Amino acid sequence: MTSARLMDATVAPVVEATSPAFKQNVREALADRQLQEALGAVAPGLAARRGAARDALPEFEALRDRGREIKNHTLAHLDLYLELFEAKARAAGSHVHFAPTPQDARDIILNICRKADAKVVTKGKSMISEEVGLNHFLEEAGLKVVETDLGEYLIQIRGETPSHIIAPAIHLTQAQVEQDFRRLHTSLPRNRVLTEPAQLVSEARAVLRQRFLEADVGITGANFMIAETGSTVIVTNEGNGDLTQSLPRVHVVIASIEKLVPTLEDVGTLLRLLARSATGQEISTYTTFSTGPRRKEDPDGPQECHIVVLDNGRSQLLGTDFQEVLRCIRCGACMNHCPVYGAIGGHAYGWVYPGPIGSVLTPALIGVKSSAHLPNASTFCGRCEAVCPMKIPLPGLMRKWREAEFEGGGGPALFGLGLKLWAALARRPRLYHVATRFAVLGLSGLAMGRGAFRRLPFASGWTRHRDFPAPQRRTFQQLWAEHKAGVPR
Amino acid sequence: MSASDKRRERMYAAIRAGLDTNASADRRRTVETRMHAPPAPLVPQRAQKPVAEQRALLKSFLQGQSATVIEVATPAEIPKAVAGYLRANNLPLRVRAGTDAYLRGLDWRSEPALERLEGPAAGTDEVGLSRVTAAIAETGTLVLASGADNPVTVTFLPETHIAVVEQGAIVGGFEGVWARLRARFGKATMSRTVNFVSGPSRTADIGGQLVMGAHGPRRLCVILVAG
């Protein structure tokens, strides 16, 4: 069932989408040499490492089924697990806030920052915070917001958004980073050497260390919320999320409802899938379970812990075909294996979530009308579904969005006209046979004995990139009739 | 009803609207049963190796994740191993640790040049020393539970982190950790943070090239104690 309510977002997204200009975005991305260089340097390696990690764990495929079952069960009982989580988190001393909309999440978090009299806010990586446009909102309110994941920092200082959900700066080259650091870190010696990645990382570490120490509030996302313990979990390689949540007076977690899992056992299963699917690591360097603020006997940690649970339209997907997308654990494997993503990068998709998961999730969150190009931006090669640890049928869901878009009267006018013509012919078999016979004869005559066309009027979209095979004088139905009559070919 | 209560009600109502909450009166019982007795997870073979092999697996994964592993026969050798590692890496002979009784009880007088500070770490501390709650052979992962005995800042702020792993702390897989946490803190209760650490801090955010020491420690040294 595709619910009509999914056609349009109920509220306009707080983060503006350039998805309607997808075709223009793609042209620009393909012509962007730095982007093409950067994409070629990283994405293929991630896919290869995932393959090696899968091969090193014989149980990997069976674990995917277990992971899917865990998420399906949790989603079917989401209200009850949310209640359990809420109660346990409160018992551990966390404040639990509910944000039906992005604006609610922004207001709640700004309010927390104001109450804490905060000036500097550090942030761990969180796609949900991108979804609600948190940085911009807090900055407008006068706060200094500092992204601490290195990739997020690199794009923040450029005023950009992530182009990949786990490698947000995958679109940047090392040379671009060096230019940005020289432009921004002006208190450092001008003649310093920044030719190696390690030198750039060291510089960012030193700059950001100061921000960690001066922050009043630290905001992180969550990979999981555990109903059993009221804990939230983050997974990082840098350790930035830990400094973000352990040094300031106040820790704020922002997470969407589908991050819930019942027990520690379930987290174990999903952890066995997450890093292998994402980067090909056995496990990410840091996995941190956080439960409430510092305890009476603790010598460090935040004095307050707030958990902001975001819906933003996800509840509308429950009970629809698109519920399956809520199993996503945000590993990024689908984009690492996508030929379209590999060619155009993440920004061309025009909203927060790129790649195949974005092509299914974006229409659900901002409405298919303004993102209709995305579910069409697929070769349907099926690799995304083949590698998805949660076995989300991404191509099938894209097809459903195409149907929804068509039923909603979307799509190019010429496309609709063509389909109508085809339908008129297909419903009249005799007319169909005559028409195809003429078309086949005509085309094979035009080909003049060559097996294929290099150019064809009205089909330049095809022939610009490959030859169009020429028909061999007779239609399939003619051949079939001759075959049945025993005529030798 | 306050604005925050209204938002809460709205969200639960929206979730329930999509779920077939009338389909089965047993939904709540299903959840309670599963919470009480979670279905047995699929535990990979490599997490079920005999104890003797777990140690070798732990060591090889840790080394593969760029940690240094030092093996000692008894706890008495730990101070010497710590001092030796710091000297070999040209690091100051000053370590920051929590109030952990095991670490306190070691014979630190055997290394008089080694200074030991107790309490949470600050930005100026260069070396942190911890004792782990568990170590997971399956992935080469240390498990640290925060508290006065093991401040979380000791794990993340210093550039060098040294972690002591007793033989008895080694578990095959994640499931062994859950059992230990439940035994130590009680069922469904956790210390403020439980930290899984699988090597030194790293990033590949610049040109996809792996660099150690992004924000957390640049170096991780694991001391495996046999006795």
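This is a predicted model: local features need pLDDT of at least 70, side-chain atom pairs count only at pLDDT 80 or more; totals for chains, interfaces and linings use all residues.
Biologist: What makes A:Phe380 exposed?

Modeller: A:Phe380 has 12 other C-beta atoms within 10 Å. A residue is called exposed if that count is 12 or fewer, so A:Phe380 is exposed.

Biologist: Where is A:Phe380, and what is its phi?

Modeller: A:Phe380 sits in the loop between helix H16 (373-376) and helix H17 (383-387) of chain A. Its phi is near 55°, a positive value in a residue other than glycine.

Biologist: Why is A:Lys391 called partly exposed?

Modeller: Around A:Lys391 there are 18 other C-beta atoms within 10 Å. Buried needs 20 or more and exposed needs 12 or fewer, so A:Lys391 falls in between and is partly exposed. A:Lys391 lies in the loop between H17 and helix H18 (394-407) of chain A, and its phi, near 50°, is positive too.

Biologist: How do you know that strand E6 (residues 231-236) and strand E9 (residues 286-290) of chain A pair?

Modeller: Pairing takes at least two bridges, and these strands have 5 bridges, so they pair, in the antiparallel sense. In this pairing A:Val235 stands opposite A:Thr287 in E9(A).

Biologist: In what order do the strands of the open sheet run, and what makes some of them edge strands?

Modeller: The 8 strands follow the order E8(A)-E5(A)-E6(A)-E9(A)-E9(B)-E6(B)-E5(B)-E8(B), with mixed pairing. Strand E8 (260-261) of chain A and strand E8 (170-171) of chain B each have a single partner strand, so one side of each is left without a neighbour in the sheet and they stand at the edges.

Technical notes:
Residues are numbered from 1 along each chain as its sequence is written. Chains are lettered from A and ligands numbered from 1 in the order in which they are written. Helices (H or I, at least four residues) and strands (E, at least two) are DSSP runs, numbered from the N terminus.
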